[in-house]
Amino acid sequence: MKTPNISIRRLLGVTAAVGLLGFLPACTTVVVDGDTTAEYKLGELQNEVDADFAQAYAAAKAGLKDRDLFLTGDEKKVVEAELSARDSSDTSVTIKIKEVTKGRTSIKIRYGLAGDLAPAQLLYKAIESHL
């Protein structure tokens, strides 16, 4: 009768990897401003707004301008867009806008490579002020 050939080192590696999964950021509901809540998932601030795609797109561009962010990319399609920008410290900012249904649009903001919640919330507030 043969015994399985599992090395202790491999078993410890798998156990450590599974254990680290518990430390990864999960989905969290955050308060953006007053009554507005959004999800913060994997470094992205995500919310749906009661506005059509064109309004949300224009508001996102205006919000970038309000926060003094330099627009570096603008990929607009029929019902979705991705805006890329940089702040004064050269941190990358990405806004993804997508129409979910008529009159309802998803806005996702990633501030920095790993995602920074505080500046993403400030940018979301700036965008929301134009809706």
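Tutor: Start with helix 2 (residues 53-66): Phe53 and Tyr57 both sit in it, four residues apart, about one turn of the helix. Helices here are DSSP runs of H or I with at least four residues, strands are runs of E with at least two, and both are numbered from the N terminus. This is a predicted model, where local features need pLDDT of at least 70, side-chain atom pairs count only at pLDDT 80 or more, and totals for chains, interfaces and linings use all residues. Residues are numbered from 1 along each chain as its sequence is written, and side-chain values use heavy atoms, with hydrogens and water left out.

Student: Why does a spacing of three or four places matter?
Tutor: An α-helix has 3.6 residues a turn, so residues three or four places apart point the same way.

Student: How many aromatic pairs are there in the whole structure?
Tutor: The search finds one. Phe53 and Tyr57 form that pair, and it's stacked, at 6.0 Å centre to centre with 25° between the planes. Rings of Phe, Tyr and Trp (its six-membered ring) pair if their centres lie within 6.5 Å; planes under 30 degrees apart are stacked, over 60 edge-to-face, and the rest tilted.

Student: Phe53 and Tyr57, buried or exposed?
Tutor: Both are buried. The cut-offs are under 20% relative accessible area for buried, over 50% for exposed, and partly exposed in between, with a 1.4 Å probe and protein chains only.

Student: Switching to the strands. How do strand 5 and strand 6 pair?
Tutor: Strand 5 (residues 80-86) and strand 6 (residues 92-101) are antiparallel, with seven bridges. Strands pair if DSSP finds at least two bridges between them. Five residues lie between these strands in the hairpin, and Asp90 has a positive phi near 65° there.

Student: And what about strand 7?
Tutor: Strand 7 (residues 104-111) runs antiparallel to strand 6, joined by eight bridges. That hairpin has two residues between the strands, and Gly103 takes a positive phi near 85°.

Student: Which residues does Ile97 face?
Tutor: Ala81 is opposite Ile97, and in strand 7 the bridge partner of Ile97 is Ile107.

Student: What does Val31 touch?
Tutor: Leaving out residues up to four places away in sequence, Val31 touches Thr36, Thr37 and Gln121 (contact means heavy atoms within 4.5 Å). Val31 lies in strand 1 (residues 28-33) and is exposed, at 51% relative accessible area. Val31 and Gln121 are 90 residues apart in sequence, yet 8.6 Å apart in space, C-alpha to C-alpha.

Student: Where's Gln121, and is it buried or exposed?
Tutor: Gln121 is in helix 3, among the buried residues there, which also include Leu123 and Tyr124.
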